[in-house]
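Dear colleague,

I am passing this structure on to you, and I would be glad if you would look it over before reading my notes below.

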Amino acid sequence: MSILAPSKLQDLCYQFERDSPDGESCSDFFYQEIVDEIVNFGNEGIAYLKHELITQQNHPSRLRAILFGLGQLSPKTLKERNDLTKILLNYLNSPFPHVVSEAIDSLASLNLVQSTDRVLSLNQHDSPYVRGSILRFMAKLHPDKAIPLLLESLESKDAIVRENAIDELDELNIKEAIPYLSKLVNDPDINVRQSAQTALENLLDS
Amino acid sequence: MAIDKKNLQTVKKLLTEYERLANKYNLNISPVKLKQLDEKRNLGTIKPTDLFAKLRKEIPKELENTTLEEVKRMLKTM
(Lines give C-alpha, C1' and ligand atoms only; values in the text may rest on other atoms or scores of the structure.)
Protein backbone atom coordinates (compact mmCIF):
# COMPACT_ATOMS: atom_id res chain seq x y z
CA MET A 1 0.00 0.00 0.00
CA SER A 2 1.48 3.32 -0.97
CA ILE A 3 1.64 6.12 1.54
CA LEU A 4 0.53 9.40 0.03
CA ALA A 5 2.74 12.38 0.68
CA PRO A 6 0.99 14.92 2.90
CA SER A 7 -0.74 17.58 0.88
CA LYS A 8 0.49 21.15 0.97
CA LEU A 9 -2.54 22.08 3.10
CA GLN A 10 -1.80 19.30 5.57
CA ASP A 11 1.77 20.49 5.76
CA LEU A 12 0.63 24.04 6.50
CA CYS A 13 -1.78 22.82 9.17
CA TYR A 14 1.03 20.85 10.76
CA GLN A 15 3.23 23.96 10.82
CA PHE A 16 0.38 25.99 12.26
CA GLU A 17 0.04 23.58 15.16
CA ARG A 18 3.67 23.58 16.13
CA ASP A 19 5.75 26.24 17.88
CA SER A 20 7.24 29.12 15.93
CA PRO A 21 10.81 28.19 14.96
CA ASP A 22 11.93 31.77 15.64
CA GLY A 23 10.65 31.78 19.19
CA GLU A 24 7.64 33.22 20.94
CA SER A 25 8.44 36.84 20.11
CA CYS A 26 8.05 36.16 16.37
CA SER A 27 5.07 33.83 16.66
CA ASP A 28 2.43 36.35 15.54
CA PHE A 29 4.46 36.92 12.38
CA PHE A 30 5.07 33.18 11.81
CA TYR A 31 1.43 32.11 12.13
CA GLN A 32 0.11 34.93 9.97
CA GLU A 33 2.34 33.85 7.10
CA ILE A 34 1.03 30.29 7.37
CA VAL A 35 -2.62 31.33 7.61
CA ASP A 36 -2.17 33.56 4.58
CA GLU A 37 -1.30 30.43 2.60
CA ILE A 38 -4.04 28.30 4.20
CA VAL A 39 -6.68 30.79 3.06
CA ASN A 40 -5.59 30.15 -0.56
CA PHE A 41 -6.98 26.59 -0.22
CA GLY A 42 -10.52 27.94 -0.32
CA ASN A 43 -13.31 26.20 1.58
CA GLU A 44 -11.07 23.45 2.93
CA GLY A 45 -8.59 25.95 4.36
CA ILE A 46 -11.33 28.16 5.79
CA ALA A 47 -13.04 25.18 7.43
CA TYR A 48 -9.76 24.29 9.12
CA LEU A 49 -9.30 27.85 10.40
CA LYS A 50 -12.85 28.03 11.76
CA HIS A 51 -12.28 24.75 13.57
CA GLU A 52 -9.02 26.06 15.01
CA LEU A 53 -10.84 29.13 16.34
CA ILE A 54 -12.41 26.79 18.86
CA THR A 55 -9.24 24.91 19.79
CA GLN A 56 -6.84 27.85 19.97
CA GLN A 57 -8.71 30.04 22.44
CA ASN A 58 -5.74 30.15 24.79
CA HIS A 59 -3.13 30.68 22.14
CA PRO A 60 -3.35 34.38 21.25
CA SER A 61 -0.79 34.31 18.42
CA ARG A 62 -2.63 31.57 16.52
CA LEU A 63 -5.95 33.21 17.31
CA ARG A 64 -4.69 36.49 15.94
CA ALA A 65 -3.49 34.79 12.77
CA ILE A 66 -6.87 33.13 12.23
CA LEU A 67 -8.65 36.49 12.56
CA PHE A 68 -6.20 37.91 10.03
CA GLY A 69 -7.09 35.06 7.68
CA LEU A 70 -10.81 35.66 8.09
CA GLY A 71 -10.23 39.28 7.11
CA GLN A 72 -8.91 38.13 3.71
CA LEU A 73 -12.15 36.36 2.76
CA SER A 74 -14.66 37.62 0.24
CA PRO A 75 -18.09 36.77 1.68
CA LYS A 76 -20.58 36.33 -1.12
CA THR A 77 -23.87 36.14 0.76
CA LEU A 78 -25.44 38.22 3.49
CA LYS A 79 -25.33 35.19 5.78
CA GLU A 80 -21.56 34.81 5.23
CA ARG A 81 -21.01 38.49 6.00
CA ASN A 82 -23.15 38.31 9.11
CA ASP A 83 -21.38 35.16 10.31
CA LEU A 84 -17.98 36.80 9.89
CA THR A 85 -19.17 39.96 11.59
CA LYS A 86 -20.42 37.93 14.54
CA ILE A 87 -17.13 36.05 14.89
CA LEU A 88 -14.97 39.17 14.68
CA LEU A 89 -17.16 41.24 17.00
CA ASN A 90 -16.88 38.48 19.58
CA TYR A 91 -13.11 38.94 19.66
CA LEU A 92 -13.37 42.64 20.44
CA ASN A 93 -13.85 41.38 23.99
CA SER A 94 -10.62 39.39 23.98
CA PRO A 95 -8.25 39.93 26.91
CA PHE A 96 -5.38 39.90 24.39
CA PRO A 97 -4.89 43.36 22.83
CA HIS A 98 -3.23 42.10 19.66
CA VAL A 99 -6.22 39.81 19.08
CA VAL A 100 -8.57 42.77 19.50
CA SER A 101 -6.58 44.95 17.10
CA GLU A 102 -6.46 42.17 14.51
CA ALA A 103 -10.23 41.73 14.78
CA ILE A 104 -10.66 45.45 14.14
CA ASP A 105 -8.30 45.33 11.14
CA SER A 106 -10.29 42.42 9.72
CA LEU A 107 -13.60 44.23 10.25
CA ALA A 108 -12.11 47.11 8.25
CA SER A 109 -10.71 44.82 5.59
CA LEU A 110 -14.16 43.29 5.08
CA ASN A 111 -15.82 46.74 5.01
CA LEU A 112 -18.15 45.76 7.83
CA VAL A 113 -19.47 49.27 8.55
CA GLN A 114 -22.19 47.89 10.81
CA SER A 115 -19.47 47.23 13.40
CA THR A 116 -18.50 50.92 13.65
CA ASP A 117 -20.24 51.77 16.92
CA ARG A 118 -18.85 48.68 18.59
CA VAL A 119 -15.32 49.45 17.38
CA LEU A 120 -15.53 53.10 18.46
CA SER A 121 -16.65 52.01 21.94
CA LEU A 122 -13.06 50.75 22.39
CA ASN A 123 -11.57 54.18 21.84
CA GLN A 124 -10.38 54.38 25.45
CA HIS A 125 -8.80 50.90 25.41
CA ASP A 126 -5.62 50.58 27.47
CA SER A 127 -3.65 49.28 24.52
CA PRO A 128 -2.31 51.88 22.07
CA TYR A 129 -2.24 49.11 19.44
CA VAL A 130 -6.01 48.76 19.76
CA ARG A 131 -6.50 52.54 19.58
CA GLY A 132 -4.21 52.58 16.54
CA SER A 133 -6.31 49.93 14.81
CA ILE A 134 -9.42 52.02 15.47
CA LEU A 135 -7.79 54.91 13.59
CA ARG A 136 -7.05 52.57 10.67
CA PHE A 137 -10.65 51.30 10.74
CA MET A 138 -12.11 54.81 10.69
CA ALA A 139 -9.74 56.00 7.98
CA LYS A 140 -10.73 53.11 5.74
CA LEU A 141 -14.47 52.98 6.35
CA HIS A 142 -15.30 56.56 7.31
CA PRO A 143 -12.53 58.77 5.89
CA ASP A 144 -14.38 62.08 6.29
CA LYS A 145 -15.33 61.41 9.90
CA ALA A 146 -11.83 60.10 10.59
CA ILE A 147 -10.02 63.36 9.84
CA PRO A 148 -10.75 65.21 13.12
CA LEU A 149 -10.05 62.01 15.06
CA LEU A 150 -6.74 61.55 13.28
CA LEU A 151 -5.67 65.16 13.82
CA GLU A 152 -6.53 64.94 17.50
CA SER A 153 -4.57 61.69 17.75
CA LEU A 154 -1.40 63.43 16.60
CA GLU A 155 -1.18 64.70 20.18
CA SER A 156 -1.70 61.32 21.83
CA LYS A 157 0.69 60.47 24.64
CA ASP A 158 1.26 57.09 22.95
CA ALA A 159 3.77 57.03 20.11
CA ILE A 160 2.00 54.11 18.40
CA VAL A 161 -1.21 56.14 18.20
CA ARG A 162 0.62 59.21 16.84
CA GLU A 163 2.34 57.01 14.27
CA ASN A 164 -0.94 55.46 13.13
CA ALA A 165 -2.57 58.87 12.84
CA ILE A 166 0.31 60.14 10.71
CA ASP A 167 0.22 57.16 8.34
CA GLU A 168 -3.53 57.43 7.86
CA LEU A 169 -3.42 61.19 7.25
CA ASP A 170 -0.74 60.52 4.65
CA GLU A 171 -2.85 57.83 2.96
CA LEU A 172 -5.89 60.12 2.91
CA ASN A 173 -3.75 62.91 1.46
CA ILE A 174 -4.82 65.42 4.12
CA LYS A 175 -2.72 68.50 3.50
CA GLU A 176 -4.29 70.13 6.55
CA ALA A 177 -1.93 67.89 8.57
CA ILE A 178 1.22 69.49 7.16
CA PRO A 179 1.80 72.04 9.97
CA TYR A 180 1.39 69.30 12.58
CA LEU A 181 3.75 66.98 10.75
CA SER A 182 6.38 69.70 10.56
CA LYS A 183 6.57 69.53 14.35
CA LEU A 184 6.35 65.74 14.56
CA VAL A 185 9.55 65.30 12.54
CA ASN A 186 11.21 66.21 15.85
CA ASP A 187 9.14 63.81 17.94
CA PRO A 188 11.01 61.96 20.71
CA ASP A 189 9.99 58.61 19.16
CA ILE A 190 12.05 57.42 16.18
CA ASN A 191 9.14 55.69 14.44
CA VAL A 192 6.95 58.77 14.74
CA ARG A 193 9.78 60.85 13.30
CA GLN A 194 10.16 58.49 10.34
CA SER A 195 6.43 58.35 9.62
CA ALA A 196 6.14 62.14 9.91
CA GLN A 197 9.09 62.70 7.58
CA THR A 198 7.65 60.38 4.93
CA ALA A 199 4.14 61.80 5.25
CA LEU A 200 5.44 65.36 4.98
CA GLU A 201 7.42 64.53 1.84
CA ASN A 202 4.41 62.78 0.30
CA LEU A 203 1.92 65.53 1.11
CA LEU A 204 4.20 68.29 -0.12
CA ASP A 205 4.92 66.37 -3.30
CA SER A 206 1.36 65.41 -4.20
CA MET B 1 -7.39 50.65 -10.13
CA ALA B 2 -5.23 53.08 -12.10
CA ILE B 3 -1.68 53.63 -10.87
CA ASP B 4 -1.51 57.10 -9.40
CA LYS B 5 1.09 58.98 -7.43
CA LYS B 6 -0.52 58.15 -4.11
CA ASN B 7 -0.42 54.42 -4.86
CA LEU B 8 3.25 54.67 -5.75
CA GLN B 9 4.01 56.63 -2.59
CA THR B 10 2.25 53.95 -0.56
CA VAL B 11 4.17 51.15 -2.23
CA LYS B 12 7.47 52.98 -1.73
CA LYS B 13 6.67 53.39 1.96
CA LEU B 14 5.86 49.70 2.34
CA LEU B 15 9.02 48.66 0.51
CA THR B 16 11.29 50.84 2.63
CA GLU B 17 9.65 51.14 6.06
CA TYR B 18 8.47 47.56 6.60
CA GLU B 19 10.28 47.25 9.93
CA ARG B 20 8.60 50.32 11.36
CA LEU B 21 5.24 49.20 9.97
CA ALA B 22 5.63 45.73 11.46
CA ASN B 23 6.30 47.35 14.83
CA LYS B 24 3.19 49.51 14.39
CA TYR B 25 1.16 46.32 13.91
CA ASN B 26 2.85 44.72 16.92
CA LEU B 27 4.51 42.10 14.71
CA ASN B 28 8.13 41.01 15.13
CA ILE B 29 9.66 40.05 11.81
CA SER B 30 11.87 36.97 12.09
CA PRO B 31 15.58 37.88 11.92
CA VAL B 32 16.07 35.76 8.79
CA LYS B 33 13.21 37.46 6.96
CA LEU B 34 14.37 40.90 8.09
CA LYS B 35 17.87 40.27 6.76
CA GLN B 36 16.43 39.13 3.40
CA LEU B 37 14.27 42.22 3.14
CA ASP B 38 17.08 44.59 4.11
CA GLU B 39 19.41 43.12 1.49
CA LYS B 40 16.84 43.46 -1.27
CA ARG B 41 15.90 46.97 -0.17
CA ASN B 42 19.50 48.07 -0.27
CA LEU B 43 19.79 46.74 -3.82
CA GLY B 44 16.49 48.28 -4.86
CA THR B 45 15.20 44.88 -5.94
CA ILE B 46 12.65 44.41 -3.16
CA LYS B 47 9.12 43.86 -4.48
CA PRO B 48 5.73 43.83 -2.75
CA THR B 49 5.59 40.04 -3.13
CA ASP B 50 8.68 39.85 -0.88
CA LEU B 51 6.86 41.53 1.99
CA PHE B 52 5.04 39.73 4.76
CA ALA B 53 1.33 39.00 4.54
CA LYS B 54 0.03 41.92 6.61
CA LEU B 55 1.70 44.44 4.28
CA ARG B 56 1.14 42.54 1.02
CA LYS B 57 -2.58 43.06 1.52
CA GLU B 58 -2.13 46.83 1.21
CA ILE B 59 -0.54 46.71 -2.22
CA PRO B 60 -2.58 47.53 -5.33
CA LYS B 61 -2.54 44.47 -7.60
CA GLU B 62 -1.08 46.42 -10.50
CA LEU B 63 2.09 47.09 -8.52
CA GLU B 64 2.66 43.78 -6.76
CA ASN B 65 5.64 42.84 -8.93
CA THR B 66 7.19 46.28 -9.21
CA THR B 67 10.61 46.70 -7.63
CA LEU B 68 11.56 49.59 -5.38
CA GLU B 69 13.85 50.88 -8.11
CA GLU B 70 11.00 50.91 -10.63
CA VAL B 71 8.66 52.61 -8.17
CA LYS B 72 11.19 55.37 -7.56
CA ARG B 73 11.67 55.79 -11.30
CA MET B 74 7.92 56.03 -11.88
CA LEU B 75 7.58 58.60 -9.10
CA LYS B 76 10.24 60.79 -10.68
CA THR B 77 8.25 60.98 -13.91
CA MET B 78 5.09 62.16 -12.15
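Which residues does Ile104(A) touch, not counting those up to four places away in sequence? They are Val119(A), Ser133(A), Ile134(A) and Phe137(A), where touching, or being in contact, means that the C-beta atoms of two residues, placed from the backbone, lie within 7 Å.

Before going further, please note that this is a predicted model, in which local features need pLDDT of at least 70 and side-chain atom pairs count only at pLDDT 80 or more, while totals for chains, interfaces and linings use all residues. Residues are numbered from 1 along each chain as its sequence is written, and chains are lettered from A and ligands numbered from 1 in the order in which they are written.

Ile104(A) is one of the residues with the most contacts inside the largest nonpolar core, which has 71 residues; such a core is a set of buried Ala, Val, Leu, Ile, Met, Phe, Trp, Tyr and Cys residues joined through C-beta atoms within 7 Å. A residue is called buried if 20 or more other C-beta atoms lie within 10 Å of its own, exposed if 12 or fewer do, and partly exposed in between. In soluble globular proteins, nonpolar side chains tend to be buried together. Ala103(A), also among the residues with the most contacts in the core, lies in helix H6 of chain A, and it counts as buried because it has 29 C-beta neighbours inside 10 Å. Leaving aside residues up to four places away in sequence, Ala103(A) touches Leu67(A), Leu88(A), Tyr91(A) and Leu92(A).

The helices named here are DSSP runs of H or I with at least four residues, and strands are runs of E with at least two, numbered from the N terminus. H2(A) and H3(A), the latter covering residues 43-55, pack at an angle of about 135° with their axes 7 Å apart, the axes being lines fitted to C-alpha atoms over the stretch in contact and the angle running from 0 to 180 degrees between N-to-C directions. That angle makes H2(A) oblique to H3(A), since angles under 35 degrees count as roughly parallel, over 145 as roughly antiparallel, 65 to 115 as roughly perpendicular and the rest as oblique. On the H2(A) side, Val35(A), Ile38(A) and Val39(A) meet Gly45(A), Ile46(A), Tyr48(A) and Leu49(A) of H3(A).

Turning to the two chains together, 25 residues of chain A are in contact with 19 residues of chain B. On the side of chain A that touches chain B, H2(A) gives the most, with six residues.

Chain B itself has five helices and zero strands. Its C-alpha atoms fill a box of roughly 35 × 25 × 15 Å along the principal axes, and buried residues make up 35% of its 78 residues.

Finally, two asparagines deserve a look. Asn173(A) has a phi near 60°, a positive value in a residue other than glycine; it lies in the loop between H10 and H11 of chain A and counts as partly exposed, with 15 C-beta neighbours inside 10 Å. Asn26(B) likewise has a positive phi of about 60° although it is not a glycine; Asn26(B) is found in the loop between H2 and H3 of chain B, and with 20 C-beta neighbours inside 10 Å it counts as buried.

With kind regards
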